[in-house]
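Dear colleague,

Please find below the structure that I am handing over to you. My findings follow directly after it.

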Amino acid sequence: LVNTVVLHLVQAIRKDSCFSSIERQSAGSYYERVKISEPNEFDIMLVMPVERIQLDESDDTGAYYYVSFKRSPKEKGWFKFLEEDGKLSAFKMLQALREIIKQEVKNIKDVEVTVARKKTGSPAITLQIKNPPSEISVDIILTLEVQQSWPLSTQDGLKVEQWLGKKVRRDLRFRSLYLVAKQNKREKVLRGNTWRLSFSHIEKHMINNHGNSKTCCESNGPKCCRKGCLKLLKYLLEQLKMKHPKELEKFCSYHVKTAFLHSCITWPNDSDWHLGDLDHCFQQCLGFFVDCLQKSQLTHFFIPQYNLLSLEDKARHHFLSRKISYELNNGFPVFHE
């Protein structure tokens with residue numbers, strides 16, 4: 001169902017000269033094979049290749065950038081997305097894409113598709129697909145793809161040498177750089193022209209090729225419980241968010257995914273993740289995450305200077321750490337509700 005709708009939209013989007021080079025890429029938990037509960041949420045990246053761009057940091061996180069072209073772009077279509085100062089406006093591009101999608105969903109015949117209202121600060125255009133008795137939501141994320149070296153802020157990140165090896169780290173850092181249209185709330189004047197680095201393609205690769213030995217979880221290789229741990233972490237957060245939506249609204253699965261990736265480095269060997277040790281490994285990962293919450297410090301996996309837990313939310317961090325500790329010490333009652 002999702003593929004039919006997305007294929008239809010991509011064909012329509014490509015007819016617009018500005019977006020003619022767009023490619024679809026799948027991201028998120030469903031495609032990392034770590035989806036839990038219903039497959040009712042999908043992330044689809046619409047990736048646009050861009051050439052020779054200049055990145056200027058928009059704050060001190062090392063994650064948000066202004067994008068401008070080093071040379072005048074060949075395709076004239078880009079010009080309408082530029083601000084007076086030559087910066088590429090994420091807001092203008094998203095708006096144009098949103099308009100095309102809004103017009104096009106009317107032409108989809110066999111399925112009922114609507115475009116959800118814009119969520120402030122969200123980089124996604126969300127589609128709701130009616131699939132009785134429920135609904136499927138698809139987040140469409142506009143992404144720029146650049147073949148150039150990663151920014152300085154990433155230099156000391158991706159510390160996977162002990163886990164996946166030096167060669168893998170080098171190869172991963174040679175992959176394209178992704179930027180998603182994401183408003184930076186710290187901007188003094190909110191213009192909506194910032195882009196955030198995205199490593200979802202690298203994360204997907206690491207989660208699908210997660211072994212210290214190359215045969216981990218292959219059909220006849222030894223099995224580990226890494227993915228099981230990640231699923232449980234996500235499920236626990238999801239359940240707690242349903243119980244405490246207001247207190248936990250700022251937390252998302254990316255927080256536990258980051259904590260999980262750090263755990264993979266802390267315990268780099270496949271022997272640390274035996275399939276039969278799922279409960280022990282899960283509790284170990286959770287312990288690591290609770291520790292981060294108590295310190296209000298969760299370092300971005302690729303950008304070490306960027307703390308994903310903002311210090312002004314300390315009370316929320318402590319709230320979540322108390323809830324998780326309660327679950328840990330009482331045999332996870334939330335899983336049995």
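I begin with the cysteines. The sulfur of C225 has its closest cysteine sulfur in C281, at 3.6 Å, which is too far for a bond, given that a disulfide requires the two sulfur atoms to lie within 2.5 Å. Please bear in mind that this is a predicted model. C225 is itself buried, at a relative accessible area of 3%. For C252, the closest cysteine sulfur belongs to C292 and lies 14 Å away, again too far for a bond. C252 counts as partly exposed, its relative accessibility being 35%. Under the distance rule, the count of disulfides is 0.

A further cysteine, C264, is located in helix α6. With 0% relative accessibility, C264 counts as buried. Setting aside residues up to four places away in sequence, C264 touches W163, R226 and W273.

Is R226 buried or exposed? At 0% relative accessibility, R226 counts as buried. When its neighbours within four places in sequence are left aside, R226 is in contact with W163, H210, G211, N212, C216, F260, C264, P268, N269, D270 and W273.

Next, the packing of two helices. In general, a packed pair is described by the angle between the axes and the distance between them. Helix α4 (residues 200-208) packs with helix α6 (residues 253-266) at an angle of about 55 degrees, and their axes are 12 Å apart. The two helices are therefore oblique to each other, and the crossing of α4 and α6 is left-handed. Which residues meet in α4 and α6? On the α4 side they are E203, M206 and I207, and on the α6 side Y254, K257 and L261. The residues of this contact divide into 4 nonpolar and 2 charged, with no polar ones.

As a general rule, most residues other than glycine have a negative phi. C217, which is not a glycine, has a positive phi of about 65 degrees. C217 is found in the loop between α4 and α5, and it counts as partly exposed at 31% relative accessibility. S296, likewise a residue other than glycine, has a positive phi near 50 degrees. Its place is in the loop between α7 (278-295) and α8 (314-329). S296 is buried, with a relative accessible area of 0%.

Finally, I turn to a strand residue. S137 is placed in strand β7, which covers residues 134-146. At 17% relative accessibility, S137 counts as buried, because the term applies under 20%. Not counting residues up to four places away in sequence, S137 touches N40, E41, F42, T126, L127 and Q128.

With kind regards

Key:
Residues are numbered from 1 along each chain as its sequence is written. This is a predicted model: local features need pLDDT of at least 70, side-chain atom pairs count only at pLDDT 80 or more; totals for chains, interfaces and linings use all residues. Side-chain values use heavy atoms; hydrogens and water are left out. Axes are lines fitted to C-alpha atoms, for helices over the stretch in contact, and angles run from 0 to 180 degrees between N-to-C directions. Helices (H or I, at least four residues) and strands (E, at least two) are DSSP runs, numbered from the N terminus. Angles under 35 degrees count as roughly parallel, over 145 as roughly antiparallel, 65 to 115 as roughly perpendicular and the rest as oblique. A crossing is left-handed if the near helix is turned anticlockwise from the far one by less than a right angle, and right-handed if clockwise. Contact means heavy atoms within 4.5 Å. Ala, Val, Leu, Ile, Met, Phe, Trp, Tyr, Cys and Pro count as nonpolar, Asp, Glu, Lys and Arg as charged, and the others, Gly among them, as polar. Buried means under 20% relative accessible area, exposed over 50%, partly exposed in between (1.4 Å probe, protein chains only).
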